[in-house]
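Welcome! Let's walk through a protein together, one question at a time. Have a look at the picture before you read on.

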Amino acid sequence: EVLRIQSGDNGESMPRFATMDMEFRGVLIRRGDIVLAPLVAANRDASVFKEPMAFDPRRESNRHIAFGFGIHRCLGASLARTELRCAVRAMTATTGSLSFYQDWQVAPLRSNMFGDLYPETVMLCWSDETA
């Protein structure tokens with residue numbers, strides 16, 4: 001979900017060249033024209049994501065294209081997902097319980113030099129179930 005909501009905020013896009021003349025929604029695209037597909041538009045598509053502008057870490061379906069798609073898929077995508085799964089598994093393997101202390105919507109956001117948005121702080125609550 002973090003990848004979905006952040007991808008494209010800094011203007012990332014996948015430039016392509018039209019291979020033939022065509023009309024798309026009333027706009028003529030000529031062969032050789034550059035066509036940009038901004039990630040921010042794809043990852044916030046309301047026909048794919050319910051409440052696409054909202055950050056929801058519990059979102060069920062997450063078919064984002066932060067790692068690209070098809071032959072342009074990031075080679076490190078599998079490694080990044082494996083690292084995340086291992087980290088989450090290690091955190092949840094204890095007898096304690098981790099939960100959000102505050103709602104994600106109220107977390108203050110920061111922006112880095114690339115324009116990526118991220119939470120400035122994430123308030124978590126740990127409870128030891130063995131006590």
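## Getting to know His64

His64 counts as buried in this predicted model, because its relative accessibility is 13% and buried means under 20%.

Q: Which residues does His64 touch, not counting residues up to four places away in sequence?
A: A touch here is a contact, with heavy atoms within 4.5 Å. With residues up to four places away set aside, the list for His64 is Leu3, Arg4, Asn43, Phe49 and Arg81.

Q: What lies over the face of Phe49?
A: Phe49 is among the residues that His64 touches. At 4.8 Å from the centre of the Phe49 ring, you will find Arg4.

Q: Is Glu60 buried or exposed?
A: Glu60 sits in the loop between α2 and α3, and its C-alpha is 9.5 Å from that of Phe49, eleven residues away in sequence. The relative accessible area of Glu60 is 79%. The cut-off for exposed is over 50%, so Glu60 is exposed.

Q: The side chain of Arg44 reaches the backbone oxygen of which residue?
A: Arg44 has its place in the loop between α2 (39-42) and α3 (77-92). With a relative accessible area of 12%, Arg44 is buried. At 2.3 Å, its side chain reaches the backbone oxygen of Ile5.

Q: In which strand is Leu98 found?
A: Now let's move to another part of the chain. Leu98 counts as partly exposed, because its relative accessibility is 38%. Look at residues 96-100: Leu98 is found in strand β5.

Q: How many Å apart in space are Leu98 and Asp128, C-alpha to C-alpha?
A: Leaving aside neighbours within four places in sequence, Leu98 is in contact with Met91, Leu124, Cys125 and Trp126. Asp128 is 30 residues from Leu98 in sequence. In space, C-alpha to C-alpha, the two are apart by 9.0 Å.

Q: How many disulfides does the structure hold?
A: Cys74 is partly exposed, at 36% relative accessibility. Cys86 also counts as partly exposed, at 44%. A disulfide would need a pair of cysteine sulfur atoms within 2.5 Å. The number of disulfides here is zero.

Q: What pattern does the protein follow along the sequence?
A: Let's step back to the whole chain. Its secondary structure comes to three helices and eight strands. Read along the sequence, the order is α-β-β-β-β-α-α-β-β-β-β.

Q: What share of the contacts with a separation of 6 or more comes from residues 24 or more positions apart?
A: Of the protein's 131 residues, 20% count as buried. Leu98 and Asp128, 30 residues apart in sequence, show how to count a separation. For contacts with a separation of 6 or more, the share from residues 24 or more positions apart is 50%.

Q: How much of the accessible surface belongs to carbon and sulfur atoms?
A: Picture the accessible surface of the protein, which comes to about 10,000 Å². The part belonging to carbon and sulfur atoms is 60%.

Definitions and conventions: Residues numbered from 1 in each chain as written. Predicted model: local features only at pLDDT ≥ 70, side-chain atom pairs only at ≥ 80, totals over all residues. Heavy atoms only, no water. Helix = DSSP H or I, 4+ residues; strand = E, 2+ residues; numbered from the N terminus. Buried < 20%, exposed > 50% of the residue type's maximum accessible area, 1.4 Å probe, protein only. Polar contact = N/O pair within 3.5 Å; in protein donor to acceptor, adjacent residues only side chain to side chain. Areas by Shrake-Rupley, 256 points an atom, 1.4 Å probe, with all protein chains shown as cover. Lys NZ or Arg CZ within 6 Å of the ring centre and 35° of its normal.
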